[in-house]
Amino acid sequence: MVTDMCKTIDGKTFEKLKFYTKKIHGKQSFVEFHNKNKQITKELADMVIISVATKNRKIIYEKTAFIQNKKESTDGIWKIDQDQLYLLHNFPTFKGNTGIFKRNFGDEVVFLNHSKTLGNYGLFQSPGEMILVNALTVYKLLQGDKVSLSDIRKFTQNGSQKHNGFQFPLIDDPYLEEMLWIYKHFQHGLPFLNLPFLNNSIASFNIYEFIRNWSLFNIGEVVSAYGNIADKDLSTFNRILLREAGLSNFINTNIDGQEFENNLTIIVAHLNLDNKNSEQSCF
């Protein structure tokens with residue numbers, strides 16, 4: 001189901017947006033962390049969603065979300081591994097056991113997760129529907145080790161928080177023009193209002209909402225904004241993934257020697273703010 005979704009998305013364009021997906025086949029990448037008094041080894045996620053805006057061949061805004069995909073165990077019910085949920089909900093300090101984190105990071109990795117939307121679950125339903133819910137919401141709705149469609153439907157919030165204010169202090173005067181380019185693209189006014197983009201999506205209740213939130217930069221944690229890095233470790237990780245996705249020409253940081261070893265699906269929405277056709281984007 002994930003493969004079919006990625007095949008459907010791959011290569012699609014809309015105005016200055018282009019969508020790209022890639023399945024990296026390799027060894028699974030495991031991390032180690034502590035949950036209470038136990039040392040746990042788990043895969044961090046099996047899919048990563050990236051939204052990136054570029055101008056003058058530079059990344060000016062990017063967001064990333066880790067997704068653990070689950071298929072229904074029975075009709076409308078998904079079984080959730082508790083240690084995996086603890087990891088995606090809290091992002092405790094962890095270290096690489098095998099794969100990308102073992103090869104590219106030191107003893108400890110810290111993802112700050114300011115927005116509480118870095119960790120998420122993709123809850124798949126046959127024959128081809130998906131609900132995207134952040135890990136904190138799954139934790140709140142959990143009954144034992146399961147989350148149900150009926151409980152998700154009772155979820156009273158509209159699935160989107162207002163702008164995460166921490167990202168705006170990252171804006172420096174030289175980057176105000178680039179910031180306004182993003183707002184101009186979506187044809188809305190000024191920041192600090194409850195606008196439908198650059199938000200923090202808590203839940204997308206179907207594929208339609210997922211695509212809409214993803215393309216409006218509403219999904220995931222801010223990695224960098226207008227030349228300023230919000231999370232150093234997450235930025236390093238993101239650049240390795242963007243290189244694998246074919247966006248190396250937009251990466252300003254030197255990541256030579258960084259190795260990618262993972263069994264992972266990467267899906268990228270690229271907003272090109274240059275006065276060029278999006279088909280010329282480097283994928």
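Two strands count as paired if DSSP finds at least two bridges between them. Helices (H or I, at least four residues) and strands (E, at least two) are DSSP runs, numbered from the N terminus. Phe30 has Glu43 in β4 as its bridge partner. Two residues lie between the strands of this hairpin, and Lys36 in the turn has a positive phi of about 60°.

Residues are numbered from 1 along each chain as its sequence is written. Because the model is predicted, local features need pLDDT of at least 70 and side-chain atom pairs count only at pLDDT 80 or more, while totals for chains, interfaces and linings use all residues; side-chain values use heavy atoms, with hydrogens and water left out.

## Aromatic pairs

A pair of aromatic rings is described by the distance of the centres and the angle of the planes. Rings of Phe, Tyr and Trp (its six-membered ring) pair if their centres lie within 6.5 Å; planes under 30 degrees apart count as stacked, over 60 as edge-to-face and the rest as tilted. The count by this rule is 14 aromatic pairs. The ring centres of Tyr61 and Phe217 are 5.9 Å apart with planes at 50°, so this pair is tilted. Tyr61 belongs to strand β6 (residues 58-71) and Phe217 to the loop between α7 (207-215) and β15 (221-225), so the pair ties together parts that are 156 residues apart in sequence. Tyr61 is buried (under 20% relative accessible area, where over 50% is exposed and in between is partly exposed, with a 1.4 Å probe and protein chains only), at a relative accessible area of 0%. Phe217 is also buried, at 1%.

Phe66 and Phe237 form another tilted pair, at 5.3 Å centre to centre and 40° between the planes. Phe66 lies in β6 and Phe237 in helix α8 (residues 232-244), so parts 171 residues apart in sequence are tied together. Phe66 is buried at 1%, and Phe237 is likewise buried at 1%.

Helix α2 (residues 82-90) has buried residues, among them Leu85, Leu87 and Leu88. The elements covering its buried residues include β3, β4, β6, β9 (119-125) and α4 (135-141), where contact means heavy atoms within 4.5 Å. Just after α2, Phe91 takes a positive phi of about 45°.
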